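Please open the structure in a viewer and keep the selection panel at hand.

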Amino acid sequence: MNLSETGESRINGYLFVLERSLKTFLPGDVVRDAVREIESHVRERIGASDGAPNEHEALEKILRELGPPLRVAQAYSAERVIDEAVTTGRLVPIARAIWHVATTTVIGALVGIALFTGYAMGVGFLVVAALKPVFPNNVGLLVVNGIPRSFGAQFPTPPGAVVYGGYWVIPLSIACGFAVLALTHRAARRFLSRWRERRQPTM
Amino acid sequence: MSHENWQEQLRRGSLDLAILLTVSAGPRYGLAIIQHLEAFTDLVVTEGTIYPILGRLTREGLLEAEWVEGEAPHARKYYRLTQRGAKRLREMKDEWRTLAGKIARLMAASEERHS
């Protein structure tokens with residue numbers, strides 16, 4: 001079937017949306033290959049529907065059976081980004097998968113914020129441990145007028161503040177930092193694993 | 001777990017095996033794989049979602065892919081089973097037969113008790 005200009009525009013529109021969606025989480029060469037393969041599928045189906053009386057209906061049927069471009073992109077996401085994160089458990093794939101989930105759904109965004117808070121807190125503890133030897137009078141448990149105010153670093157320390165903890169702050173912060181990071185990472189991996197099981201689009 | 005969810009898990013779990021079986025007979029391109037699956041099963045609900053699975057199986061080294069030009073007005077991406085894929089397929093077939101046999105025995109035992 002030789003497509004009319006309208007038919008070609010419809011295909012190009014579909015591929016454009018697919019490409020834009022894939023580009024948010026896949027490398028450029030992978031996106032190009034995926035779009036080329038989907039286009040090949042569409043052209044193949046068009047070629048097989050020679051003799052169809054209505055181009056519009058035939059094309060819409062092909063695209064409907066292929067699935068909406070966002071759904072196809074979501075399947076790539078589930079198979080590639082989330083799968084890589086769950087399988088490897090490495091930080092970068094996990095961060096990329098959380099980012100993708102967080103930017104596509106509300107629940108994902110809420111969990112993404114919680115996980116980001118966890119990672120930030122873990123890193124914060126480690127920064128406190130690193131700063132203590134450099135600024136011993138500014139880092140530790142800050143007590144102002146007998147009331148504990150914060151644990152961390154403050155520049156300058158407020159009037160009447162006393163820094164408690166001494167150098168015990170260092171091992172304590174390191175232990176807390178790694179514990180929080182490990183727990184957050186574990187939670188992220190578990191969340192993504194459940195996400196993959198429950199939210200993967202219907203095959 | 002709802003019935004639909006269970007069916008979905010079952011379908012998803014068996015799709016890798018179905019794809020490897022389809023490609024084991026010889027190299028096939030995406031649409032040919034989909035059409036073969038559609039002819040023998042109802043595993044394919046949305047055609048476009050098969051391609052990411054083919055991509056994953058390729059990344060895992062179970063399939064290898066190659067673009068072939070000139071065979072049709074457009075290029076086709078062919079998938080073939082690798083040695084690793086063939087080994088995995090044998091394992092999956094054994095596991096499938098074992099599991100199916102056990103479930104069949106369980107069902108037979110259950111039906112016997114009820115009759």
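Which pattern does chain A follow when read along the sequence? Select chain A and trace α-α-α-α-α-α-β-β-β-α, a secondary structure of seven helices and three strands. Helices (H or I, at least four residues) and strands (E, at least two) are DSSP runs, numbered from the N terminus. This is a predicted model, in which local features need pLDDT of at least 70 and side-chain atom pairs count only at pLDDT 80 or more, while totals for chains, interfaces and linings use all residues. Residues are numbered from 1 along each chain as its sequence is written, and chains are lettered from A and ligands numbered from 1 in the order in which they are written.

**Chain A as a whole**

**The nonpolar cores**

Now select A:Ile82, A:Ala97, A:Leu192 and B:Leu54, which touch the most other members of the largest nonpolar core, a set of 51 residues. A nonpolar core consists of buried Ala, Val, Leu, Ile, Met, Phe, Trp, Tyr and Cys residues joined through C-beta atoms within 7 Å. Helix H4 (residues 69-88) of chain A supplies the largest share of this core, nine residues. Because domain 1 (1-67) and domain 2 (87-203) of chain A both give residues to this core, it lies between them.

Then display a second, separate core of seven residues, among them A:Phe125, A:Val128, A:Val139 and A:Val180.

**Where chain A touches chain B**

Finally, show both chains: 23 residues of chain A are in contact with 24 residues of chain B, contact being defined as C-beta atoms, placed from the backbone, within 7 Å. Highlight helix H2 (28-48), helix H3 (55-66) and H4 of chain A, the elements that give two or more residues to the side touching chain B. H2(A) gives the most to this side, with nine residues.

Note on methods:
Buried ≥ 20, exposed ≤ 12 C-beta atoms within 10 Å, placed from the backbone. Domains from an automatic or database assignment. Contact = placed C-beta atoms within 7 Å.
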